[in-house]
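Welcome! Take a moment to look over the sequence and the model below, then try each exercise before reading its solution.

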Amino acid sequence: RDLHSFPTRRSSDLTRQFTIAAADNHQVREIPQVAAAFALELPRAELRVVSADYLAATDGLAKGEIDAAFVPADMVLPGHHGTVVFEERAALVVRRDHPKVRGKLTPKLFGELPHIDVEVALGRKGVGHQQAARHWRNSGLERHVRFTVPYFTTAALIAARTDCIAGLPSRVAETLVATLPIKIVPTTFPLPTMRISLV
């Protein structure tokens, strides 16, 4: 749902800094909406955006250094308050003129293509990565990883210049397709989904 629909408290006098943690896909897709609402509702306050690495490396939510974060719903810890803001589905992208990907992607072609892997926080396989890997395994799909990167945008940029395939959250994939020479590939098999919370 649209982040503008979330109730906010208007306070034109508030001047404090607010910090929100977000992986690069949320920085591309959700943070501009947050910033627009923030500028309207809190014109004298400051919004600071930090990375998923920063969130993972600190105890910022517990210490109050980070006010909010976009995370997979399964990462909401006891004592933290989270609201599911949307369900994200995966999208597979390749370069527009990919010589092998012309129609729907089959399990066979999925297994033949080299893949770009994304490890969002601290160069490790996080909750979202583990959920996606479990989905591929349970679907009988095998990935041959050629590149591993820390950002979804980097994965999309590599896909645009190679014959590799990248799995991205669909919301950022839809945004990047408009600016990069990549396309979202329909599949003959189901793709993973994940609920995203604002914590």
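## Exercise 1: Around strand β5

H115 faces V145 of β6 across a strand pairing. This is a predicted model in which local features need pLDDT of at least 70 and side-chain atom pairs count only at pLDDT 80 or more, while totals for chains, interfaces and linings use all residues. Residues are numbered from 1 along each chain as its sequence is written, and side-chain values use heavy atoms, with hydrogens and water left out.

**Task.** Find out which strands β5 pairs with and in which sense, parallel or antiparallel.

**Solution.** 
- Step 1: Strands (E, at least two residues) and helices (H or I, at least four) are DSSP runs, numbered from the N terminus. Two strands pair if DSSP finds at least two bridges between them.
- Step 2: Start with β6, residues 144-149. β5 and β6 run parallel and are joined by five bridges.
- Step 3: Turn to β7. Strand β5 covers residues 114-118 and runs parallel to β7, with two bridges between them. Here H115 stands opposite I165.
- Step 4: Check burial, where buried means under 20% relative accessible area, exposed over 50% and partly exposed in between (1.4 Å probe, protein chains only). Because four of the five residues of β5 are buried, the rest of the structure largely encloses this strand.

## Exercise 2: Strand β7 and helix α8

**Task.** Work out why β7 is largely enclosed, and which elements the buried residues of α8 pack against.

**Solution.** 
- Step 1: Count the buried residues of β7. Strand β7 spans residues 165-169, and four of these five are buried, so the rest of the structure largely encloses it.
- Step 2: Look at its antiparallel partner. Strand β4, residues 83-95, pairs with β7 over four bridges. In this pairing L92 is placed opposite G167.
- Step 3: Move on to α8, residues 170-177. Its buried residues are S170, R171, V172, A173 and L176. They pack against α1 (24-29), α2 (31-41), β4, α7 (152-161), β7 and β8 (182-184), where contact means heavy atoms within 4.5 Å.

## Exercise 3: Strand β1

**Task.** Name the strands that pair with β1.

**Solution.** 
- Step 1: Take β2, residues 46-50. Five bridges link it to β1 in the parallel sense, and Q17 stands opposite E46.
- Step 2: Take β3, residues 68-72. It too is parallel to β1, over two bridges, with I20 opposite A68.
- Step 3: Check burial. Strand β1 (residues 17-21) has four of its five residues buried, so it is largely enclosed by the rest of the structure.

## Exercise 4: The whole chain

**Task.** How many helices and strands does the protein chain have, and what share of its residues is buried?

**Solution.** 
- Step 1: Count the elements. The protein chain has eight helices and nine strands.
- Step 2: Read the burial. Of the 199 residues, 42% are buried.
- Step 3: Look at the contacts. Among those between residues at least 6 apart in sequence, 80% join residues at least 24 apart.
- Step 4: Note the extent. The C-alpha trace spans about 60 × 35 × 25 Å along its principal axes.
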